[in-house]
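Please look through the structure shown here before reading on. The briefing that follows takes a helix and a sheet in turn.

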Number of protein chains: 2
Amino acid sequence: MNAAAATDLAARMKALAAEARAAARVLATASSAQKNAALARAAELLLERRAELEAANARDLEAGRAGGLDAPKLDRLRLDEPVLKRLAEGLRQVVALPDPVGVEIGRSTRPNGLLLRQVRCPIGTILIVFESRPNVTVEAGSLCLKSGNACILRGGREALHSNAALAAILRAGLKDAGLPEAAVSVPDTPDRAAVAALLQLDTLIDLAIPRGGEGLIRAVAEAARVPTIKHYKGICHVYVDRAADLELALKLALNSKLQRVSVCNAAETLLVHAEVAERFLPPAAKELLARGCALHAEPKARAILQAAGVGPLAEAGEATFYTEWLDKALSVKVVASLDEAIEHIERFGSRHTETIVTADEAAARAFQLRVDSASIFWNASTRLADGFEYGLGAEIGISTDKLHARGPMGLEALTTYKWLGDGSGQVRG
Amino acid sequence: MNAAAATDLAARMKALAAEARAAARVLATASSAQKNAALARAAELLLERRAELEAANARDLEAGRAGGLDAPKLDRLRLDEPVLKRLAEGLRQVVALPDPVGVEIGRSTRPNGLLLRQVRCPIGTILIVFESRPNVTVEAGSLCLKSGNACILRGGREALHSNAALAAILRAGLKDAGLPEAAVSVPDTPDRAAVAALLQLDTLIDLAIPRGGEGLIRAVAEAARVPTIKHYKGICHVYVDRAADLELALKLALNSKLQRVSVCNAAETLLVHAEVAERFLPPAAKELLARGCALHAEPKARAILQAAGVGPLAEAGEATFYTEWLDKALSVKVVASLDEAIEHIERFGSRHTETIVTADEAAARAFQLRVDSASIFWNASTRLADGFEYGLGAEIGISTDKLHARGPMGLEALTTYKWLGDGSGQVRG
C-alpha cells in the first residue's frame, strides 16, 4: 500500500469509528425495550432474508474452496437453515437476558448527606476482532447491542461476505427499532491495515476484544493503543492430589481433556502427586490411550507407565508443558507435593483454569488460594469454566488478564459504571 | 546511552521486576495481620529514623536549590517532623482500613451443584510512576502492600534520595513482619530509560499507574505495553440550569473552582443556561473576580457581563474550553439548553467530574444519564469527587478510563478476583 492509500484507509477507519461512537451515545440511553426490539427483529430477519444470506455465504464458500480451505473450515463457514435457526434462537436468548445497564451496584449516604450511587453504564464503542466463523458476528454484535455498546465487527477475510450480510441483518433490526445502524459497523475492506488503523483510535474506541488463535490475539494486543481484554491460550491443569479419590480423578481428567479438545478450557497437562502416581497413572493412561489421546510423559511418569507396560508414550521436555495441544494429546508429570504442582502451574500455566482433585479440604483451599488463575476448581472439570456454566447467560469471551474482567465474560463485563451523587449544596473543605 | 548500557539497564529492570513478582506471590497470601504489622512498623520507623530521612531529604533539597527549583516545589519536597508525623498517621489509617483480599463478591450454586464464588485477590505487581512529591512513596506503597500487591515505585528525580529512604522504611517494615522486602522496590537509577524498560515487562508487571501532570501520564500510557489506569486531566464543568437556585449555584461554582485550584477535580468551565445567564452571571462573575479568579468568557457571556459593567474579562476561543487551568481561572459559556451543555461536555470534557445545579429533577436525571463522565453530581461541588469523600478510606488515584476502575480508586481498585468452584465430580456435556 502506498502512502496515499494508507492515509485514505486511516481516514476511512477514523470516520467509521466516529460514526460508531456517535451511535454509541444514542445506544447508551436506549431503553431495554428498544434494544430488545432491535434484537427480536434481527432474529426474524435472519430467516426472512435467508436467500440473501445464503447467497452471500455462497460467495465465501466458493472462494474458500478455490483457496483450498479444508472441509472442517468450510463447514464452520457455512450458513444454512439450521445454522440460521440457531443464530435466531441465540438472539432470542439475548433478548431474554436482564439488561445490565442502569443496575445500581453500590449506594451510600455520605456523612455530609450526599447520596452516592454506582450505576452500571455501557463502555462505549467496542472493536471485536475474530477469525472466520460468521456466527461471532451475530453473537458478539447482539451482546454489545444488549449492553448498550456500539461495536465494530472485524471477522476473518474468509467470511467477508457472510459477515457483512449478517451485520446488515443486525443493522436492519436497529433501524426498525429506531436506533442508529452505525451501532453495528463493519470495515469496508478486508485489508489488515484496517485493523491496525482502528487499534490506534483510543479516543474513539474504548475497548478491543480479540477472539481466535493465539497469533491473532497477540497481533492485536501488541498493535493496540486501545485497551484490550483477551486470553492468549488456555493451558489448563488437572492436579491429582495424594488425597484424591482416584476414580473421580480419572473421570475429571477424561472430561477435562477429551469432552471437547479444541477449546481453551480443555486440560493440556495432568499433574499427579507421587504418592498416588503408581496407582493412578497406569489405568488412567490406558483409558486415555484407548480414547485416542497421545501422552507426553516426563521421565518419572514415563518410568511408572513403562514399568506397567503402558504405551505408546511421547517424551515431554520443557517446551511440552508450554504447549496448548487443542487436540487429543496431554502432557503428564509426577510432582512431589502440592507445592510443586502450584509451582509448575505458576511457571507453565496461562492463568486460565485449573482443578485439584482431592478429598483433603485444606489442600483444596491452599490450591485455590495460591494458584493465580481466573478459575480454580476443586473436584470439577476444567470444562466448566464457561459463561453459560457460570450462569452469565452468554459469553463474549474469556479473560486471562487481571484488569476489568477475569475468566468468562458476560454482559456485565461489557459495562463500566458511573458515580452519581445527589446533593443539596454539599461543598468541600 | 550506548547499546551495551541500554541492554544492561533493561536486564537490571527485568531482574527488579522478577524479584517484585516473586514477592507479590508471597504477599498475595499474607494475612491481614502480617500486612498490618509491616505497615505499623513502618509508621514507627518513620519517626525512629527521622535523622536518616532528613539527611537523605537534605541531599535532594540541596540539589533542588542548586538546580533552581522554586520555593513551592522545594516546599513540597521537604520531609520534616510534621510531614513525617502526617505520613506515619497515614500509615496507621491504612492499617485500620478493611483488607479487600479474600472478600467474596459473588456466590451461586449452579444447577449441577457446583458452588461458585468470586473472591477478591491482589492484582500482582504494580508500577507507580509519579512526580516529585515523596509522600506518594509512602501513600502508594502502603495501599499496594495492604491490598497484597508488590509495587515498584518510581518517583521524580528531584526526590531521588528521599524516595529511596522512604521506600527503605517500608522495606524494613516488611522485613520485620516476615514479608519479602522486594514487595516494595525502587529502580536503582533515575535514568528515564528505566521507566521505559519497566513499561515493556507485561509478563512481570500487571498494572502501571502514572500520577502527575498530563505530560508524564501521556508519556507513560503511550510507552506502556503493561496495562495502565490513569487520568490525563480534569476538565470539570459546573452547569447552572435554567431551574437552578442561583444562590446555591454561586456557592457551588465558587467551591468547585476556588476551594483548591491545583487539583484535577476543580472546575475549569462554568456553563450557564441562557434563561438565567443575565441574572446569574454578573453577580457570580463579580464574586469570582473579587476572589482573584480570571474569567475567560465566550461572546454571549462576555456581552452579558460587559453590559453589566463587570470586568476585566479574557476572551475564550475554542482552545480555551480544552484548557485545564489548575489556577484561579475559569472558562465561562452561555448555553441555550441542557442539550447544548451535554454536547459541550462531550466535546471538551475529560470525563472526570461534572455537576448540574438545578431544582428540576428530570433535568438532573437526564444530565446524569447522558453525560459520560466518571462522577456526575446534582447540586454538589465537583471537589467531592475524591476517595475519602466517597468513603473509600484512601485514594491510589483517579481514573478517567472506563475499564476496571472509574473515578476515585481505593483499595478495591487494586484487586482483581478469582472464580473458585467447589464441586463433587461435576463434568461437562
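Axes are lines fitted to C-alpha atoms, for helices over the stretch in contact, and angles run from 0 to 180 degrees between N-to-C directions. This is a predicted model, in which local features need pLDDT of at least 70 and side-chain atom pairs count only at pLDDT 80 or more, while totals for chains, interfaces and linings use all residues. Residues are numbered from 1 along each chain as its sequence is written, and chains are lettered from A and ligands numbered from 1 in the order in which they are written. Helices (H or I, at least four residues) and strands (E, at least two) are DSSP runs, numbered from the N terminus.

**The sheet of chain A**

- Four strands of chain A form an open sheet in the order β5-β4-β3-β6, with parallel pairing (two strands pair if DSSP finds at least two bridges between them).
- Because β5 (184–185) and β6 (207–211) of chain A stand at the edges with a single partner strand each, one side of each is left without a neighbour in the sheet.
- Strand β3 (residues 125–130) of chain A runs parallel to β6(A) and is joined to it by 5 bridges; Ile126(A) has Leu207(A) in β6(A) as its bridge partner.
- Helix α6 (residues 135–146) of chain A lies across β3, β4 (150–154), β5 and β6 of chain A, at about 165° to β4(A) (contact means C-beta atoms, placed from the backbone, within 7 Å).

**Helix α5 of chain B**

- Leu84(B), Leu87(B), Leu91(B) and Val94(B) of α5(B) are buried (20 or more other C-beta atoms within 10 Å of the residue's own; exposed means 12 or fewer, and partly exposed lies in between, with C-beta atoms placed from the backbone).
- Seen down the axis of α5(B), the buried residues fall within an arc of 75°, so they line one face of the helix (the arc is that of the directions from the helix axis to the C-beta atoms).
- On the other side of α5(B), Glu81(B), Pro82(B), Glu89(B) and Ala96(B) are exposed.

Terms used:
Contact = placed C-beta atoms within 7 Å.
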